[in-house]
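Hi there,

Here is the structure I promised to pass on.

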Amino acid sequence: MSKERDILKSLLLKEELQLLNQLEQKLLSKEQFTKEVSDVLSNAIKRAQSKNKNLEKELYIPIRKGVTKAFVENKQSIIDALLPIMGQLIRKTVTNSIKQFVTDINRTLELGFSAKAIKWRWQALRSDCTFAEILFQKTIRYQVTELFLIRQTNGLLIEHAGHSETAKDNSAVSAMLTAIQGFIEDSFNEHDSALQRVTIKNKDYIVTSGPTAYLAAVIKGAPTQRLETKLQQAIENIHAEFSDQINTESNYGENIEIQDSLRKYLITKNRSDKPKKINWTPWIIITLLIISGFSYWSYGIKQELKRIVDLSHSVPGLYVQSVKRIGSGYRIKGLLDPLAEITSLHKDNITLDTKPYLSLDEDIVLKRVMKLFSPYKKVTIKLTNGKLTINGIISSDDDILKVLHQLESIGGIKQIINNLAIDQQKQMHAFLLQNKLKNQVNYLLNNNKLSLIGNMKYKQQQELTRKFTSLFPEIIIDAEKTNIIDSTDKIVYKINNLFINIKELNDPVNNYETLDKLIDNLHLLINRQERLHIRLVGKSDCNGLFSDNHSLKRAETLFMILAKKGIDKKLMTTHINACKSFNNPHNQSLLGVSIQSVKE
Amino acid sequence: MSIAKKVCLIGRFAVGKTSLVKQFIHQEFGEKYKTTVGVSIATKKIKLASLKVSLVIWDIAGFEQENHYAHYLRGSHGLIWVVDGTEPESFEILDTISESLPEIKQIPSVCFINKCDLKDEWVVTNKQEELLKTFNHTVFETSAKTGENVEKGFKKLTEFLVK
Ligand SMILES: Nc1nc2c(ncn2[C@@H]2O[C@H](COP(=O)(O)OP(=O)(O)OP(=O)(O)O)[C@@H](O)[C@H]2O)c(=O)[nH]1
Ligand SMILES: [Mg+2]
């Protein structure tokens, strides 16, 4: 029974069974299966990667294990392969470390053995503080309060971290830093001369550059070399980690990851950061030294006091009343000008107990004057024995008056020699602008000669020349190219002297020239927007009885002619010069119209 | 969402660049002329239909020589060419600028013919206006004094920038 069934099966499903057999073989024979999978493996990985973002995660652990194992077992061949890259990396790291090392050694040496450190140790001993406390009060501390990541090309802010007043300011600061950077590169014309430190609105910035973006850090306190190295690393890391985001123009405030990463570099270097650095050996040696040298030291104190007194007397703007030793430092009592340069007093543990006053020391007076002139970049100043010499170019008369006026209130100047000249190009421009002549005339300034080119009224020209020469007495005005145009009164006068001869009423005008002159002048007046009234007065030789009629007709004829030429009818009226008698001799030259234009 | 865009104002000295920015941002105007040294920077947010654009405006000192311009213009998204309607030389200088930096004609730009409150002193010819239109998307007659067309002009440029 079962045999028959098998036969039936083989008859019905012969080909399918064969196929099944083959498949079975493929799957069960390891070798065959391996071959099949290896054919599609690389494509499968490719597709899996694009479809399933977790693939990397899944592969990470076995690959890491594999690589670690490979490192352990094939050290030599891996070392050989990495050597060319490592060489460079190591060189770079070593250079940086050595730089760091040297800075550190310098600082330790400075602290360990300088007179300053000895003094501090002594102060610590007397004031019941630990040396560490004194040391950190005096030594460098800093804090990175803000970080700006800025696009090199256009100065737009990529990200910002830290506390700042408004986001609006941040964008402006970024742009300003970039502008300054551009300006520096431009001015020094080298690529190395990039901006490194800058102070804007009382904030100190350290700038470190990367290929597409740069990092500006706002620093409080005094930064160290180490911080600069850290910031350099920061910008490198950010470029490595976020190259995609940095290279596409994205929007400020949207790259949360970059912000997080930046925040890591908001470093605070505070007192407890470096307790390990205290080296106790010099401490002990110095204590011994202090004890053994006590008597010598008290002699030294007197010498030191004398030195401080001399030093304080040498500071211009500081008037010394007394110098006293207080603890391990000194207190100077007296008067201090706000402009006095007192940094030379800072290093000797000196406290100043002063009241403000205005010093007349020449150094200080000069400083005060320089401050006054600081907005004028092209001005140089010299002060010797109370004589102040000012040279250079300044933009306007107002400015000269302003500074001279302010100079009066600065004591200590006996004489002022003012050689200031005015930046004439600008001044001239402003002058013509103010006098509303910009479009009417052009000017050309050449060797102290000013040519005015264009149309001007006589009065205008006179007025301008008068004003101008009072402002710039050394400049000569050249009117050769000025076209003097008539004043309104003159034009009215000219019109009123015209007589249009009209002999025959049907062939009216036989003196076109006069008519054209009339029309031109009328247009001139109208264009000047003068309000006027034109009386057309017809005249005749009073030869016949109809003379008055003809006079009126003549006036009306001219009225029509003028209206045709565009003179507004509302402006004109017709009149006659009536005859007293009608038998006068015939005279053609008396036939016509005279004009009386009246300015209203 | 907000996008940041860099916009530069260029043109001859005294055409009113600084005044235009001041009018745009603070709605203020002063008659006194104080020339800009280097560059002055301001920012302003503009709301377009669906998004906010934060403009970083670079008001560059008036063009006198070609030396200082290139750096400030780097990476700029948009330009505003400013001329003074009453001052023929301010038109000529645009040629000088675009000749010395030919690539900037590619940047989206608008042109402001400024001081339109002094229209009766204008010297603008149709030909000049046509010429300005050849390389600007739009030409506006503006006045930093009355504020006419100032905001409109800035807004139009912003629209070009986000297209
Ligand atoms: N009437 C009028 N005067 C204007 C207008 N715009 C500017 N001004 C005046 O023109 C002068 C120059 O203006 P600024 O804005 O300083 O010119 P600027 O282009 O910034 O000049 P620079 O900084 O030297 O390049 C000032 O006296 C302004 O008061 C305007 O639209 N109308
Ligand atoms: Mg300006």
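To start with a cysteine in chain B: is B:Cys8 buried or exposed? In this predicted model, B:Cys8 has a relative accessible area of 0%, so this residue is buried. B:Cys111 also comes out at 0% and is buried.

Now to the disulfide. Searching the whole structure over all chains turns up 1 disulfide. Its partners are A:Cys542 and A:Cys579, with 2.0 Å between their sulfur atoms. The bond is left-handed, because the torsion about S-S is about -90°. As for where the two partners sit, A:Cys542 belongs to the loop between β19 (532-539) and α21 (547-564) of chain A, while A:Cys579 belongs to the loop between β20 (572-576) and β21 (592-599) of chain A, so the bond ties together parts that are 37 residues apart in sequence. A:Cys542 has a relative accessibility of 11% and counts as buried, since the cut-off is under 20%. A:Cys579 also has 11% and counts as buried.

Then there is the magnesium ion (ligand 2). Its protein donors are the OG1 atoms of B:Thr18 and B:Thr36, lying 1.9 Å from the ion. These two residues link distant parts of chain B: B:Thr18 is in helix α1 (residues 17-26), and B:Thr36 is in the loop between α1 and β2 (39-47), 18 residues apart. With a relative accessibility of 34%, B:Thr18 counts as partly exposed.

Happy to talk any of this through.

Best wishes

Conventions
Residues numbered from 1 in each chain as written. Chains lettered and ligands numbered in written order. Predicted model: local features only at pLDDT ≥ 70, side-chain atom pairs only at ≥ 80, totals over all residues. Heavy atoms only, no water. Disulfide = S-S within 2.5 Å. Helix = DSSP H or I, 4+ residues; strand = E, 2+ residues; numbered from the N terminus. Buried < 20%, exposed > 50% of the residue type's maximum accessible area, 1.4 Å probe, protein only. Donors = N, O, S within 2.8 Å, 3.2 Å for Na, K, Ca; no water.
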